[in-house]
Amino acid sequence: PTPGYAFTNWASGYGDLHAVPDLGTLRVAAWLERSAVVLCDARDAESGAPIEVAPRSILKRQLERLAAAGFTAKMASELEFFLFRDTFGEARARGYRDLRTAGDYVEDYHVLSGTFAEPVIGAIRRDVDASAIPGEFSKGEWGPGQHEINLRYAEALEMADRHVLYKTAAKEIAAAQGHSLTFMAKWNERHAGSSCHVHMSLWDAGGGPAFSAGREASPTFRHFLGGLLAHARELAWFFAPTVNSYKRYS
């Protein structure tokens, strides 16, 4: 182990840490037999203090600042992915080239797109829902074999936890049925990219929506939107963190 956490990697080593279970996240993993899953917070092995650069630590700090201002954040994930007929092993053996998508042609919003893939997509919906990750609906997307499952909104930390678990569950459920899938932003230049829409809202101390004032947008919403626009360049580090993310923009 090497000191620090921000600039470590596989070659140089990682700082020693403790993964401390957050038992509030404990839930049945319905897609696995007799299994449960719990998420952990990363803490320094010596001091026990939260590791500041850990994403869950960063989010908690921001939510504390938000609470001090009198607000609660609620969010929802809307994730798109491509489903393949190939297993993960077959895809790897091919160098991830010439993969066989679950659909054969562009079928955006086509009712048969969802029907043909229902053995896998339906299993994902049912198993994550039974694992305290409630979904709202699913649909076939624009690209061949492209799909979308929308998760129900929750407070920000809970939603972030659900988001991480859902992506893992979706891949494992697909693998169990001899398929594979990817949430990659742009896996093939010939096909549509896959997006991740993040829906956001603020709620006031009384539990009411802070973005509306009757039929008009509230001052809070205007400042919230203005902040997003003002910091769009910095936020791109989070919205488009990889080279592949920018391929979707082209």
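## Helices α1 and α5

Helices α1 and α5 cross in a right-handed sense (the near helix is turned clockwise from the far one by less than a right angle). The model is predicted, with pLDDT of at least 70 required for local features and 80 or more for side-chain atom pairs, while totals for chains, interfaces and linings use all residues. Residues are numbered from 1 along each chain as its sequence is written, and side-chain values use heavy atoms, without hydrogens or water.

α1 spans residues 55-68, and its axis lies 10 Å from that of α5, at an angle of about 160 degrees. α1 is therefore roughly antiparallel to α5 (angles over 145 degrees). R56, L59, K60 and L63 of α1 are in contact with A156, L157, A160 and D161 of α5 (heavy atoms within 4.5 Å). This contact has five nonpolar, no polar and three charged residues.

## Helices α4 and α5

α4 (residues 118-129) packs on α5 (residues 156-176) at about 135 degrees, with the axes 9 Å apart.

On the α4 side, V120, A123, I124, D127 and V128 meet Y166, A169, A170, I173 and A174 of α5. By class, nine of these residues are nonpolar, none is polar and one is charged.

## Second largest pocket

The second largest pocket has a volume of about 200 Å³. Its lining (residues with an atom within 4 Å of a point on a 1 Å grid) includes F84, R92, Y96 and W187. α2 (88-93) and β9 (180-182) each give two or more residues to this lining.

How values were computed: Axes are lines fitted to C-alpha atoms, for helices over the stretch in contact, and angles run from 0 to 180 degrees between N-to-C directions. Helices (H or I, at least four residues) and strands (E, at least two) are DSSP runs, numbered from the N terminus. Ala, Val, Leu, Ile, Met, Phe, Trp, Tyr, Cys and Pro count as nonpolar, Asp, Glu, Lys and Arg as charged, and the others, Gly among them, as polar. On a 1 Å grid over the protein atoms alone, a cavity is a set of points where a 1.4 Å probe fits but cannot get out, and a pocket is an open set with protein on both sides within 12 Å along at least five of seven lines; lining residues have an atom within 4 Å of a point. Grid points are joined across faces, edges and corners, and a volume is the space filled by probe spheres set on the points. Angles under 35 degrees count as roughly parallel, over 145 as roughly antiparallel, 65 to 115 as roughly perpendicular and the rest as oblique.
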